[in-house]
Structures are given as C-alpha cells and as structure tokens.
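I am opening a notebook page for this model and will write down what I look up, one place at a time. The entries follow the order in which I went through the chains.

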Amino acid sequence: MVENVGFTYGRKQALSDVNWAVDTGITGLLGPNGAGKTTLLNLLAGLAKPTTGRIVVDDTGRSSSPRVGFVPQRFSLAGEMKVRDTVAYAAWVNGVPRKECPDASAKALAAVQLDEFATSRVRSLSGGQRQRLGVAAALAHEPDILVLDEPTVGLDPGQRLRLREVIADLGSSRTVLLSTHLIEDVSHLCKRVGVLAKGKLVFDGTEAELTTMIGDVQLDGTLGSSFERGYLELINRLGGVSE
Amino acid sequence: MSDRSPRTLWPLGPLPILVPSFLITVTVLMSTITMRGWEFQEWVRTSAEFHQQNAFVGPIAAAAATYWAGRLTPPQRVFAQPFAARNGHKVVILHLGTLMTAFLISYSVGFIPIVAATVRLAEYGGPAPLVIASGYLGVMAATAFGYFIGVIGRTALLAPVSFVLMFGVAVLGTGGDTFSALVPVLHITPSLGSVETVPFVSYRLAFLVLVIVSFVLTCVGIVKRQRSGTRFPPLRTLVALPLVVLLVIPPLVHPPALFAFEVDPPRVCLNEQGVEYCVHEGHRSQLSNIVSAVDPLIKIHGSVSDVRIVDEALRGAYVNFDDRMSVYAMSNFIWYPVDPFNSAESSIRLVSSHLSGLARCRQERKYDVSADLASDLEQWLRTSGSTYGENVFQGRTVEVVKTWIAQHKQAIETCSLTASQLP
C-alpha cells in the first residue's frame with residue numbers, strides 16, 4: 001500500500017501525495033511520459049526512498065521496501081551464461097540460499113515457459129524469450145510483488161501474446177504491478193488500473209471502469225492515434241491535464 | 001556439472017576462471033624453468049620469486065577480474081539490481097573470493113616445482129613467510145584492482161586496459177628503489193647473505209592489504225549504490241581510495257632500505273696449497289667445486305701465497321663490479337661470487353684477474369702496455385696456457401712462464417710490466 005507518498009528530484013516534484021492500494025492479481029499502471037511511473041516503480045523496488053509518506057508491505061503496517069522482483073524496461077543479460085545459471089544466480093543475489101537456487105531456477109523457468117531452454121546460452125534466445133528470462137530472474141526468489149516496467153515493448157505480436165500468458169499465470173497467485181503504454185495489455189491482463197499524471201494518481205479503479213471511461217472506440221487499437229486519443233481523453237476527463 | 005546444478009559460484013562458466021588460472025600457472029612455471037635447472041638453490045631467491053612473478057601474473061589476474069566484474073556487476077544487468085538482498089558486500093565477496101581463490105591456487109601450483117627443488121637443494125635457511133605473503137597479496141591486490149576497473153567501467157572491454165595498467169605498475173618497481181615498498185616486483189632480487197628487511201616487507205604488506213581493502217570497500221559501495229541511469233558512482237563510495245594515496249607518500253619521501261645483510265654469517269673454510277677458501281654455510285656444497293676450478297690456476301701460476309678467496313655471501317654488503325676489480329685487488333683478498341646461475345668456471349676470471357695484475361690495472365684505470373700484458377697473462381692463466389688469438393705468451397711452455405712470473409711478481413702485482421720484461 002502506498003500512503004501519501006511524495007518524491008522530489010531537487011526542486012522538481014515527481015510524485016505528490018500518492019495513495020494507492022495494490023492487491024493480489026495484476027494491477028496496471030498507466031501514464032504519459034514524465035507522469036512519475038518510473039519514479040513510483042523505483043520507490044516500490046526500493047531503489048529510492050519516498051520524500052514523504054511511506055510504502056506499507058503487509059497487514060502489520062510495516063513500513064519498508066517489500067520483497068520485490070523488478071524487471072526494468074531496459075535490462076541486459078550476459079550472453080555467454082546459460083539460461084538456468086542466469087536465473088539461479090539472480091536467485092542467489094536476491095537472497096535464496098545457494099542449495100535452493102537450482103530448484104528456484106527450475107521453478108521460475110517453468111513459470112515463464114522457458115524450462116526447455118534451461119541449458120541453452122542466453123545469446124541463443126529470441127527477444128521475447130529474453131524478456132521472459134528477465135521475468136524469471138525477477139521471479140526466482142519468489143517476491144511478494146513483481147514489478148514489470150513496459151515488458152511487452154519491442155516484442156512482435158506472437159511474443160507479446162506468449163508473455164501475456166505468462167504474466168496472466170503469475171498474476172493468479174501473486175501481486176503483479178504492470179507499467180505499460182499498451183492499453184491492450186491492460187485490457188487483457190489487469191484487474192485494477194492506476195493512472196498517473198503529473199505525479200498524481202488521477203485514476204484508481206477496475207479495468208472495466210477504465211474501459212467505460214475511455215470508450216470502446218479508442219480501445220480497439222494497440223498503437224497509433226486510437227490509443228493516444230483514448231489516453232488523452234481519459235487524462236483530460238480525470239485530471240484536466242492537457243499534452 | 002550435471003543439468004541439476006546451475007552455477008551460482010561461477011555463473012559465467014568455467015572458462016573465465018580456468019583460462020587465467022592456467023595462464024598464471026604456466027607463466028610461473030615458464031619463468032622459473034631456468035631456476036629449476038640450477039645446481040643448488042637458495043631460499044632467499046625462491047622466496048623473492050613469489051613477489052617477482054607478479055610482473056606478468058598481476059596483469060593476468062587484473063584483466064580476468066575486470067572481465068568478470070564487467071560481465072556481472074553493471075546495474076543494467078537484471079541480476080545486479082541494487083535492491084537485491086545480496087547485492088553489495090556478499091556479491092563482491094563471492095566474486096573476488098572465487099577469483100582470488102582460483103588465482104592463488106594456480107599461482108601456488110606454478111611454484112610447486114621450484115619450491116620442491118629448493119627443498120631438495122637448498123642447504124641453508126628456510127622460506128621467508130612475509131616475503132612470500134607479499135607475493136600472494138600482490139596477486140590479490142591486482143585482482144581487486146582489476147575488479148574495481150570492471151565495476152567502475154561497467155564493461156568487460158576494459159580487461160586489456162587493466163592488463164596494461166597493472167603491467168605499468170609492475171614496471172614501476174623495476175626502475176629503482178623509489179617504488180619498491182609499494183610494488184611487489186623489485187628491480188633486484190636478494191641472494192644468500194642478504195634478506196629483505198622487516199620494515200620494508202612490513203610496509204609493503206600493509207600497503208597491499210590497504211589496497212585490497214580499499215578496492216573491495218569501494219566496489220561494495222559502487223555495486224550497492226550504482227544506478228543504471230547514472231554513469232558515475234556516488235562520490236561517497238570512493239572515500240576509501242584516498243587512503244591508498246596517503247600510504248603511497250611516505251616511502252616515496254623516504255625509501256626504506258630494501259635489504260639487510262647477515263651479521264657474522266656462518267662459514268665453511270678450507271686451506272688448499274696456501275690458499276684459503278671460505279664460503280657461506282649455504283654454499284657448502286660448492287666449496288669443492290670452487291677449489292677444483294681455482295686450483296689449476298694456482299698451480300699454473302706457481303707463486304701464489306697468502307691469498308684468500310671468499311664467498312661474496314659472507315661480505316655483509318653489496319658487492320659490485322668495482323669492489324671485485326679494485327678495492328680488494330690491493331690485498332690478497334678476492335671476493336668470489338657463488339651464484340647458482342654461474343658455473344664455478346665462469347667465476348674464476350676474478351681470480352685470474354687478481355693473479356695476473358689485471359684487477360690492479362683496472363683499479364688504477366691503466367690502459368697502456370702494462371694493462372695489455374696483464375690481460376694476456378690473465379688469459380694464459382685462465383686457459384692453462386691454451387691461449388687463443390694474439391697473445392704474447394702463446395707458445396711459451398708452462399715452466400718458462402711460471403719461472404717468469406716468479407721473477408716478475410712485483411711488476412705483475414703493481415701493473416707495471418713492460419715489453420722488455422717478457423719471457
């Protein structure tokens with residue numbers, strides 16, 4: 001749960017008084033560039049501390065960075081490493097005891113449907129497979145929250161569908177926070193959606209509510225003007241923000 | 001490794017560890033191959049090799065560590081995110097622990113043959129633990145330095161740069177005493193009769209430990225706090241490095257004495273035909289070789305009396321060329337280098353120079369007829385009359401020259417022979 005969270009970079013207010021409860025399942029985070037999405041994700045991942053407010057992990061009210069698995073929008077892998085070693089090493093770095101890393105690796109690879117590539121070199125994987133490997137690496141230590149920043153960007157339709165399947169499976173048993181520009185990702189995956197604009201959470205509701213607000217016409221496209229128009233319409237309605 | 005065992009200890013696979021480790025072992029083996037052929041060994045030389053071999057091993061270790069860090073620690077790696085539970089000291093300790101362990105083992109393996117030879121053939125003393133430790137610390141410091149370059153550079157492509165930088169550091173020590181307290185590779189190695197001084201070795205050990213600790217702490221700070229969006233690490237992660245600079249200054253201002261010489265070292269002496277031969281206890285086995293090499297010279301000379309031939313290891317100070325050729329040529333005292341890499345035959349030139357008066361000529365910087373005649377006599381003595389090239393004694397019988405030497409002993413010793421005095 002994000003409580004009254006604010007964050008400033010120097011004099012710039014990146015987030016202001018954000019209150020947001022994220023529950024089990026997949027929650028989408030939408031917002032135009034500069035809205036504060038990455039800042040909020042960084043705070044959730046523990047990469048920075050809120051200037052004001054707090055992030056509460058569980059029902060006890062403990063205020064700290066939750067155990068997070070984070071897949072940044074841009075990440076790199078070591079091509080010479082084996083797929084299973086990459087995930088096992090990620091598991092170890094994230095605190096899994098060494099003896100348990102092999103099992104953690106196997107489990108995470110199965111979850112992202114990469115188990116058949118376990119002994120392959122990372123360099124032999126396609127773009128979509130690498131993206132799923134990134135998810136597996138973030139998943140290996142079984143985090144409380146899995147944060148995915150624009151995971152489907154740059155993937156072809158087939159790869160995108162496969163990754164969506166994986167994310168949908170993951171969301172059935174844990175909290176997944178999905179930051180995306182693709183409204184289609186949200187409509188297919190997210191139970192709840194938050195929209196950030198100019199550092200403020202301007203919408204927090206269900207995917208159905210969001211769909212209603214934007215309108216069916218704008219939701220039928222994934223790219224180009226229909227998405228942008230729908231998106232701007234939503235922001236204009238909710239926050240009075242104009243681009 | 002089975003399919004059930006992913007590698008967390010060396011996630012990059014075995015090659016980035018095994019290749020440099022193999023190179024380290026081969027480098028040490030090849031560099032000590034000549035030593036292993038020596039007729040006798042000295043612990044002081046073998047101990048010093050442990051730091052002298054840092055010259056190439058250090059750059060190899062540094063380059064390998066840069067590669068390792070450049071592949072595993074950049075913050076854009078999905079498995080190197082700053083918030084990860086073990087990112088920081090546990091990651092750095094795992095990486096450097098793996099690298100250092102492999103490199104120190106391979107370094108040790110390379111030394112096994114020469115150490116075995118020294119155990120077998122050294123007649124005096126034992127290994128110098130602090131000196132040997134400085135060699136191992138040198139490898140560790142090179143590894144930590146290379147790792148630091150990889151962490152701060154965030155790329156394995158800097159591995160060649162680390163190699164060159166580390167080699168440059170090693171070369172610093174070969175330039176003279178100035179950097180010797182800081183760099184593991186010395187410009188000279190000690191020999192029997194001398195030891196690396198305790199203050200010198202201690203300072204170097206302390207400095208290397210500080211280098212290792214500083215680089216490790218710096219790397220921990222950077223790995224823990226670096227962000228993929230920013231190129232430079234926070235300044236506070238670099239606070240340990242000025243300590244290294246601070247410890248560089250004192251030995252540069254006051255270079256410590258590198259070597260101390262044994263006081264009253266144990267000796268073994270033998271008198272043979274009026275000539276006293278003395279060697280260091282550690283050269284006991286060479287005494288008979290020296291007598292065998294020098295005795296024919298004494299016999300063919302025929303007029304030698306009251307001469308002492310003494311092992312340089314007994315001198316208690318440096319012996320240089322001038323010492324050998326001048327200072328002691330005035331007395332009947334000859335410093336004799338007993339080096340494992342020199343045959344006794346090659347050292348007898350010092351004795352023949354003394355007996356022919358050539359050493360006296362050199363000491364007085366004479367380059368006239370007297371010096372030419374002394375040079376011819378030196379060759380005649382050394383070759384037992386089998387001279388080569390143009391030599392005024394060529395064709396003379398041993399008895400004729402012996403008699404002539406006895407008659408002109410005074411002129412020979414004072415480098416004042418003239419052509420008219422020739423036999």
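**Entry 1: a loop residue in chain A.** I began with A:Gln113, which counts as partly exposed because it has 16 C-beta neighbours inside 10 Å. I keep in mind throughout that this is a predicted model. I then looked up where A:Gln113 sits, and found it in the loop between α3 (101-111) and α4 of chain A. Its phi is near 60°, which is a positive value in a residue other than glycine.

**Entry 2: chain A as a whole.** I noted that chain A has nine helices and nine strands. Of its 243 residues, 45% count as buried. I also looked at contacts in chain A between residues at least 6 apart in sequence, and 66% of these join residues at least 24 apart.

**Entry 3: the sheet of chain A.** In which order do the six strands of the open sheet in chain A lie? I read the order as β5-β6-β7-β3-β8-β9, and the pairing is mixed. At the edges I found β5 (68-71) and β9 (200-206) of chain A, each of which pairs on one side only. From one strand to the next, the twist averages 15°.

I followed one pair of this sheet in detail, namely β6 (residues 145-149) and β7 (residues 175-179) of chain A, which pair in the parallel sense over five bridges. On this pair I located A:Ile145, which stands opposite A:Thr175 in β7(A).

Next I looked for helices lying across these strands. Helix α4 (residues 127-139) of chain A lies across β5 and β6 of chain A, and runs at about 160° to β5(A). Helix α5 (residues 157-171) of chain A lies across β3 (25-30), β6 and β7 of chain A, and its angle to β7(A) is about 145°.

**Entry 4: helix α1 of chain B.** I then listed the buried residues of α1(B), which are B:Pro16, B:Ile17, B:Pro20, B:Ser21, B:Ile24, B:Thr25 and B:Val28. Seen down the axis of α1(B), these buried residues fall within an arc of 150°, so they line one face of the helix. The face turned away from the buried side of α1(B) carries the exposed residues B:Leu15 and B:Met30. I also looked up what covers the buried residues of α1(B), and this includes α4 and α5 of chain B.

**Entry 5: helix α3 of chain B.** How many of the residues of helix α3 (residues 43-52) of chain B are buried? I found 10 of its 10 residues buried, so to record it plainly, α3(B) is mostly covered. Among the buried residues are B:Trp43, B:Phe50 and B:His51. What covers the buried residues of α3(B) includes α4 (54-72), α5 (89-121), α6 (129-153) and β1 (194-196) of chain B.

**Entry 6: an annotation on chain B.** I consulted the UniProt record, an unreviewed entry, which places the feature "transmembrane region" at several stretches of chain B, including residues 91-116 and 157-183. Over residues 157-183 of chain B, the chain is 52% helix and 0% strand, and the end C-alpha atoms are 26 Å apart.

**Entry 7: the sheet of chain B.** I found four strands forming an open sheet in chain B, in the order β3-β4-β5-β6 and with mixed pairing. Its edge strands are β3 (267-272) and β6 (333-336) of chain B, each pairing on one side only. Neighbouring strands of this sheet are turned by 20° against each other on average, direction ignored.

I went through two of the pairs. Strands β3(B) and β4(B) run antiparallel and are joined by six bridges, and the bridge partner of B:Asn271 in β4(B) is B:Glu276. Strand β4 (residues 275-280) of chain B and β5(B) pair in the parallel sense over four bridges, and here B:Val275 stands opposite B:Val307 in β5(B).

Why is strand β5 (residues 307-311) of chain B described as largely enclosed by the rest of the structure? I noted that four of its five residues are buried, which is the reason for that description. Helix α10 (residues 287-301) of chain B lies across β3, β4, β5 and β6 of chain B, running at about 155° to β4(B).

**Entry 8: a loop residue in chain B.** I ended with B:Gln273, which lies in the loop between β3 and β4 of chain B. Its phi is near 50°, a positive value in a residue other than glycine. B:Gln273 is exposed, with 12 other C-beta atoms within 10 Å.

Note on methods
Residues numbered from 1 in each chain as written. Chains lettered and ligands numbered in written order. Predicted model: local features only at pLDDT ≥ 70, side-chain atom pairs only at ≥ 80, totals over all residues. Pairing = 2+ DSSP bridges. Helix = DSSP H or I, 4+ residues; strand = E, 2+ residues; numbered from the N terminus. Axes fitted to C-alpha atoms, helices over the stretch in contact; angles between N-to-C directions. Contact = placed C-beta atoms within 7 Å. Buried ≥ 20, exposed ≤ 12 C-beta atoms within 10 Å, placed from the backbone. Arc of directions from axis to C-beta. UniProt positions renumbered as here; feature names shortened; annotations may be inferred.
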